[in-house]
Amino acid sequence: MTLLGVNNISKSYGGIQALRECTMNFQEGAINGLIGPNGSGKTTLFNVMTGYETPDSGTVTFRGNDITNATPDEVFASGIGRTFQLTRIFPRLTVIENVHIAAQRQGFLAQLRQWSQPDERARALESLDFVGLTKLSREPAGSLSYGQQKLLEFAFIMVAEPKVMLLDEPAGGVNPTLLKHLGGRIKELNKSGVTFIIVEHDMEFVMGICDQVSVMHQGHALLEGKPDIVRNDPAVLEAYLGTDMSEAE
Amino acid sequence: MLVLQAIIEGVLVGGFYALMAAGLTLVFGVMDIVNFAIGALIVLGAYLSYSVCNHLHIDPFLSLLITTPLMTGLGMFIYVFLIKPIKTNRVVMSLLTMFAVATLIEGILDICYNSGFVQIHASYINNSLKIGKLNFPLIYVLSFLLSVFLLGCLFLITYRTKFGRSLRASMQNPVAARLVGIDTDRVSMITLGIGIGLAAIGGMVFGTTNAFNASSSYDIISRLLVIVILGGFGSVGGALVSAIFMLVIQDVVAVVWSPVWGSTTFYMILILVLLVRPQGLFGKKGVRAQ
Amino acid sequence: MHKLRLGSVANRRKVQIGAVLGAAALAVTGLTVPNAIAAGKPITIGISVSLSGDFSGDGVATQQGYKIWAAWQNAHGGILGRPVVLKFLSDASSPTQVVTNYQKFMTADKVDFVLGPYSTKLTKPASNTANRYHYVMLEGIGGGPSVFSRGLKNVFDVSASATYQLVTYAKWLAATQKPQPIAYATMDDPFIQPMVDYARAYLDKKGFTEAVYKVYPAETTDFSPIASAVAATGAKIAILGTMPPDGYAMVQNFIQAKYNPEQLIMASGPDQGADFTKSVGITNTEGLMVPNTWIPTSNYPGNKDMVAAYIKAYGGDINAINADVPEAFAAGQVLAEAVNKIGSTDNKKLQAYLHSGASFTSVQGPVQFAADGQNSGAAPYVFQWQKGVYLPVLPLGGPDKVSPIETMRPDWGTTPGM
Amino acid sequence: MSTDITTSQRPTPPSYEVPKVYRYGALIVGFFALVIFPLVFNNPTISTIGVFAMIFLMAVTGWNIFSGYTGYIALGHAVFFGIGQYATAMLSSYWHINPGMWTFVLIPVSMILAGIAAIPIGFMILRVRKHTFIVLTIALMFIFQLFAYNLRSWTGGSQGLEVGQPGWDGSVFNLPYYYVGLFVAIIAIITSFMIRRSKFGLSLLAIRDDEDRARSLGINTTRSKLIAFIISAVFLGAAGCIYAMFVGSVYPQFSFDPAFDLELSIMAFAGGLGTILGPSLGALIISAAQQYFLISFGGANVFLIVYGALFIVILRLLPGGVVPAISDKWRSHVVRKEQRKLDAEIQGPAEGGAKK
């Protein structure tokens, strides 16, 4: 069943057409990989799906609802969490505070309550345990290593218990040990019902973890399928090795 | 006719305000620094020209040959000893540092020159060119020409020299500029030097057209800030256009309605413009953080 | 010996302008023959002056006036035979600091008297504070009408009331000239604007029309549109409500606009002595008029001494004396005269006596207080610059000799520049 | 979400915060010091400085709730300070309030008015960021100043307005202002504290660090910023009200004064921007020091030089402010202790074994 889908999305910046009539569906409960050469529009697609950009045309649907023009906070509240290519954590807050930010609360009065309610605190620590950062919970997040920051970002998305997690290059700059750790975590969460969409250049990582891989090329969906099939498709190879590398991401 | 006269005066005076604002906007663009001391530095420039003219009995415009290098040096000194060491929260910390510098300068000038009002003199200051029924005050015409000339030089430096390339690179992306081997510290130092050197020139013109004392800076700073904002940060051309625009609006409103509403009208236009274009008229839209 | 001491006074002013001790200040007026030497426990007087900020230009002049008065007073027997010691604090042109400063004078230093600060804006909070501690506040440089409309019984202005300062001129105009258009421009200020407005109302009644009436904000730095608006009317008479730096800029802009008025009077600016002549150029001062409360060459008691002492201490010539100086001096004089009369340092008695209708003399002329504390005894003068000399021209028939008013022939329209 | 990690596996991280005993101890001592201060130093000069310090205390605390927490440096909060002043002056004559205790009723009124004014202003200016925001706030303040000059039928223009002065005796005159000021300031500090530890406050801090990211995490940043802006305006309104009552006259030039905002930011920076008590500490020290300095060193214009130089030194030595400097000190103290403990553990397994 399709959980998150984009239909005929187009988006251009000035003269550059980042997305052209892109249609793509992501299945519930799967770990979806999204690959494609630089400039093929992966990040733009993420931005459109999470409310950071409004598409020129087309729709985004989530669980059958149209969320095309929703703002990032509404998108997040509806259950779509994302990480960024360059990690975006809150450097001057402590690790544990970072995790608390994403924990949702309804209503303004609830906002006024202390941020570290015991149950939330337990949950936050749990998610830090999950990525192995508990020891650093009182450190300012800015003092963490790059890889640790990726894990932290992962942890604080997780704490909001989204239905879908969009990860933008989770493996970039992360050392192999941490990466293995992260892969394990993703699988573990997926078992508990979280859907993933992962943009990644590290093919080994993608092929090792994903159930389903979509390939983008020049702003539209090229192909969709199991990792093995995608890996051997000539069109994909051409897309990667082909000449059109001029667009900068 | 009166309105036309007001427009002409607005354009001429606007050119001079643009000159004062150019240093501010340049420093903004390259270094993320709100040079709050610009008002005090302009007054300092005015006093320096005043002293040089009085002691050496030379033309105010010639005095620039002495005061501009001095003030440029001061700018570099300020950069090396006060701005460069700032590690965190640069935007605000540098603003406060410059405010402290302004206080310091005002205090020193107050003591050295004893807070009476003075004005720089030259034989031709009160002259004006009369064309038809319109008047062109000579000093404003000269300062307008000087401003246009200097802004032109600034333009050439920014777009036609190697230093200009480094400067623009540092403006657009300091991290990347550093990666490609541009010494952004040096660029910043020179920029602040130029910015404050321009204040020396602005100060000379200010001193010939206004009587001033050490506390005169307060009237200047707010206008320069809004000019820079309206023009767009870092845009020297924007500063020129918005300065002229501001002065013309102000002068025309002053003539047809009332001087007290002149600046109010301008501020209101500024707010309206910013509601539509938060980056100012000629500012580049900030690259959306990914 | 004198010179040496003088030097030290000047240095002190430069280096750490603090409280000037009576003894040191005495040296300033060594040239007058003391009637009596003050002795005994000093009388302390607290004054807040604006040595930095917006009002610093006048603040310094104010302080000079007070200092010269104290030295002169001490040379003339002090107050009640005791020496006068002034305590100065700088208020940085801020009402917050004015309140704290006077508070300190009255409650920590327990001074005998206080005198007013510079400007209407600071006099208001200062007099509130003084009233709280039942201190009388005599002042000469903060006489905007709003100071006296509050019902405070402790503020007294020794200078001619601001409201009427231009009226001497207006009356003369109505009496001698045919009704004609007049150009008005005034700064938006609690002291200046009422002056112009009052004269304007008077002249309107007498049939004079308004060629233009412009109010401009205090922080204006570019006067060309205002000057052009005035110049464009071609009015033969212009009445301007200017503060010192604006006045200079206005003259300059008139010259540039080639405006040729026959009569040009400014609320303030031409009275600023050397500051003014240096700024606009002495040749351009010809015919400019200004209302003032003081005649530099006047024979009123203390005036000659004050002028001599000023020149000796701060240099310049008689025309270089800022009007704030005699205004401050006069406030001190009236204080001394009143206190000597009642023979007590009690502020309550002083207040009652000042309200009694008694009259006083000062360097600015007679002083008598109306119920609201304004000086009803003075008739404001009008001065005109004639051939580089600053001469009283009005009122006619007053105690001082005045020169005839000249019609301005600035020729700003034809010969560019001087 | 299910994890099988039990709590026992979780090593408790050391606390780097200054222990509660010290923090609350200092707070209580500080509180009592402020309460008894005017009774001990009963000279009205000192209590006058005290009144101004209280006014700055509430103003800075209010300012910090917005600017400190969200990182949006507002240099136009004098708008609300001025609104409080003008509201007080206009309403006290409009309602014919006899000068005296009843005038204090105007404090909540001024707070409400400042808060209401903050809504459209906030809507307008919170759309922009960084430099543009800073300068826009300054521009806004000048607009208000110009309105105060130009709308003379209401504001009296350059003539200003008066607030009637009660006829209290000079020896006790300052006390009501001081204690009411202290009361409002404490409310401000408590508000600041509650916000800092609330989810709402955390969202403000998130905005400070990365606004776009905060939005992507489901925080309604526009609403959060606006609410913080309004709360901070409210306390500036209170400060303006007390100031107008105490000084007794209101002028455009002094009510909407650019220097006021610079002072606020200097105080907040010196104490520690974005901390709860840092700005308060900065306000108490700097406002008092500034006034005391002027009255002690008298009519000297060296004041500006010393002030400027001192300020540069402070910025250089304590770039983060006093309070963060203290917590940094404490932090490195804890880290050193940890380090020693760790060293001891590594060096001493043999001894440990022997003991077993």
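Visitor: Which residues in helix 12 of chain C do Gln64(C), Lys67(C), Ile68(C) and Trp72(C) in helix 3 of chain C meet?

Guide: This is a predicted model, in which local features need pLDDT of at least 70, side-chain atom pairs count only at pLDDT 80 or more, and totals for chains, interfaces and linings use all residues. Residues are numbered from 1 along each chain as its sequence is written, chains are lettered from A and ligands numbered from 1 in the order written, and side-chain values use heavy atoms, with hydrogens and water left out. Helices are DSSP runs (H or I, at least four residues), numbered from the N terminus, and contact means heavy atoms within 4.5 Å. The residues met in helix 12 of chain C are Asp305(C), Met306(C), Ala309(C), Tyr310(C) and Tyr314(C).

Visitor: At what angle do the axes of helix 3 and helix 12 of chain C cross?

Guide: Axes are lines fitted to C-alpha atoms over the stretch in contact, and angles run from 0 to 180 degrees between N-to-C directions. The axes of helix 3 (residues 56–75) and helix 12 (residues 303–314) of chain C come within 10 Å and cross at roughly 115 degrees.

Visitor: Which two chains does the pair Arg196(D) and Glu97(A) join, and why?

Guide: A salt bridge is a side-chain nitrogen of Lys or Arg within 4 Å of a carboxyl oxygen of Asp or Glu. Arg196(D) forms one with Glu97(A), the closest N and O atoms being 3.1 Å apart. Because Arg196(D) lies in helix 7 of chain D and Glu97(A) in helix 3 (residues 95–102) of chain A, the pair joins chain D and chain A.

Visitor: How many salt bridges does a search of the whole structure find?

Guide: The search covers all chains. The number found is 16.
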